[in-house]
Amino acid sequence: MGIAAAKHLILLLLLISIAPLALADQLSPKECEDLGFTGLALCSDCNTFAEYVKNDHELVSDCRKCCTDDSDDSMSKVTFSGAILEICMRKLVFYPEIVGFIEEDKDEFPSVKVQYVYGSPPKLLMLGDDGFQNESIRIDNWKRENIRRFLKEKVKPDVSAN
């Protein structure tokens with residue numbers, strides 16, 4: 001083996017050993033889903049998310065570990081035609097913020113429906129223009145005001161309500 005080949009081999013081994021370190025900041029899809037980040041696919045959405053959970057730096061950090069980099073900031077302006085707030089009725093007692101939203105705020109969002117599904121963790125199923133689910137976002141630890149602000153920004157106003 002010549003000197004040039006040995007240098008290439010050393011460089012290759014170095015790159016192989018460094019690659020996992022670069023990926024260490026990213027979490028697997030399963031880990032992200034367990035953290036509740038199945039629907040926040042774009043890193044610009046983490047910036048928007050950070051506005052809702054201002055003092056929870058760990059949550060924002062987890063979001064950034066689960067996002068896909070997007071170079072076009074206009075992608076953060078993605079909106080949905082509606083949403084379904086899905087939750088298990090038996091688990092409602094554990095989520096007073098979500099109960100407050102359903103009882104007091106939900107009527108402000110005519111294109112948001114509540115669906116009770118046995119065993120389901122609380123999540124928002126974001127609907128595309130075709131009426132089918134495009135994204136799923138876990139909202140276990142969200143405050144009522146965070147849900148309201150997120151829906152105001154991400155769900156198109158229901159024009160048929162006027």
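The following legends describe close-up views of a predicted model of a protein chain.

**View 1. Confidence along the predicted chain.** Residues are numbered from 1 along each chain as its sequence is written, and side-chain values use heavy atoms, without hydrogens or water. In this predicted model, local features need pLDDT of at least 70 and side-chain atom pairs count only at pLDDT 80 or more, while totals for chains, interfaces and linings use all residues. The mean pLDDT (the predictor's confidence in each residue, from 0 to 100) of the protein chain is 79, and 74% of its residues reach 70 or more. Over residues 11-23 the pLDDT is below 50, and the stretch has zero contacts (heavy atoms within 4.5 Å) beyond near neighbours in sequence. Where pLDDT is low, the predicted coordinates should not be read in detail.

**View 2. The disulfide between Cys-32 and Cys-66.** A search of the whole structure finds two disulfides (pairs of cysteine sulfur atoms within 2.5 Å). One of them joins Cys-32 to Cys-66, with an S to S distance of 2.1 Å. The angle about the S-S bond is -100°, and this link is left-handed. Cys-32 belongs to helix α2 (residues 29-35) and Cys-66 to helix α4 (residues 57-66), 34 residues apart; helices are DSSP runs (H or I, at least four residues), numbered from the N terminus. Cys-32 has a relative accessible area of 5% and is therefore buried, the term meaning under 20% relative accessible area (1.4 Å probe, protein chains only). Cys-66, at 13%, is also buried.

**View 3. The disulfide between Cys-46 and Cys-63.** The sulfur atoms of Cys-46 and Cys-63 lie 2.0 Å apart and form a disulfide. Distant parts of the chain are linked by this pair, with Cys-46 in helix α3 and Cys-63 in helix α4, 17 residues apart. With -90° about the S-S bond, the link is left-handed. Cys-46 is buried at 0% relative accessible area, and Cys-63 is buried at 1%.

**View 4. The crossing of helices α3 and α6.** The axes (lines fitted to C-alpha atoms over the stretch in contact, with angles from 0 to 180 degrees between N-to-C directions) of α3 (residues 43-52) and α6 (residues 144-154) come within 10 Å and cross at roughly 140°. Asp-45, Thr-48, Glu-51 and Tyr-52 of α3 meet Asn-146, Arg-149, Phe-150, Glu-153 and Lys-154 of α6.

**View 5. The surroundings of Arg-148.** Arg-148 lies in helix α6 and is buried, with a relative accessible area of 14%. Leaving aside neighbours within four places in sequence, Arg-148 is in contact with Phe-101, Asp-105, Glu-108 and Phe-109.

Key
Helices (H or I, at least four residues) and strands (E, at least two) are DSSP runs, numbered from the N terminus. Buried means under 20% relative accessible area, exposed over 50%, partly exposed in between (1.4 Å probe, protein chains only).
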